[in-house]
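Hi,

Here is the structure I promised to pass on. Have a look at it first, and my notes on what turned up follow below.

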Amino acid sequence: MGYWKSKVLPAINKVFKKDPAKKTAAAEACKSFDESKEEINKEFEEKKGELEPKVVEIYEASSTEIKALVKDPKDSGLKKHSTLVQKFLEELVKIEFPGSKAVAEASSKFGANYVSGPVVFIFEKVSSFIVVPVVEKEAAVEEGDKKQPEPEAETAQVLEEEPPAKVEEAAQPSKA
């Protein structure tokens, strides 16, 4: 029993239990980042013109996993692809993307899943430069049209199926 408590149990706890100090430090990093969001937004708006071609180039050179995370960031994806997220953030630091340096440092220290709020914020800013091709938009609109029948047509079908007497009864309020 002594070997179990001294060797095996600590190893299992190390794997399965989260480090509370790491979690607290990551929360502090997120809090300080949240306080500087206004400054980041101002700097982002000022540099928007010069950043766009650089960001698009980095995005196009990225893997499909990163492209999917930039379009739709999810915590599970950040955890699963943390090394790719870290590389992407480092590329953003190289072009001096506003806020990316602090997020990259926090992500490398604590992991992308612990600082998901700031990472998602940066990804949202990056996604503002990404243009969805018109062909994809049209296909999405056409799919949406196919999936949802028009309400007028649906009402007409219901009226045609029910006898006129039942329609009149349904239109009158019940006295119950």
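Before the rest, some housekeeping. This is a predicted model, so local features need pLDDT of at least 70 and side-chain atom pairs count only at pLDDT 80 or more, while totals for chains, interfaces and linings use all residues. Residues are numbered from 1 along each chain as its sequence is written, and side-chain values use heavy atoms, with hydrogens and water left out.

Aromatic pairs

The count comes to four aromatic pairs. Rings of Phe, Tyr and Trp (its six-membered ring) pair if their centres lie within 6.5 Å; planes under 30 degrees apart are called stacked, over 60 edge-to-face, and the rest tilted. One of the pairs is Phe44 with Phe129: the ring centres are 5.4 Å apart and the planes at 50°, so this one is tilted. Phe44 and Phe129 belong to one aromatic cluster together with Phe97.

Another pair is Phe88 with Phe123, edge-to-face because the planes are at 80°, with the centres 5.6 Å apart. Phe88 is in helix H6 (residues 82-94) and Phe123 in helix H8, so that pair ties together parts 35 residues apart in sequence. Both Phe88 and Phe123 are buried.

Helix packing

Axes here are lines fitted to C-alpha atoms, for helices over the stretch in contact, and angles run from 0 to 180 degrees between N-to-C directions. Lys37, Ile40, Asn41, Phe44 and Val55 of H3 make the contact with Phe121, Lys125 and Val126 of H8, where contact means heavy atoms within 4.5 Å.

H6 also packs on helix H7 (residues 100-110), at about 150° and with the axes 8 Å apart. H6 and H7 are therefore roughly antiparallel. On the H6 side the contact involves Gln86, Leu89, Leu92 and Val93, and on the H7 side Ser100, Lys101, Val103, Ala104, Ser107 and Ser108. Gln86 is worth a click: at 12% relative accessibility it counts as buried, and it touches Ala104, Ser107 and Ser108, leaving aside residues up to four places away in sequence.

One on the outside

Ser76, in helix H5 (residues 75-80), is exposed, with a relative accessible area of 56%. Its C-alpha atom is 7.7 Å from that of Asn113, which is 37 residues away along the chain.

Cheers

Technical notes:
Helices (H or I, at least four residues) and strands (E, at least two) are DSSP runs, numbered from the N terminus. Buried means under 20% relative accessible area, exposed over 50%, partly exposed in between (1.4 Å probe, protein chains only). Angles under 35 degrees count as roughly parallel, over 145 as roughly antiparallel, 65 to 115 as roughly perpendicular and the rest as oblique.
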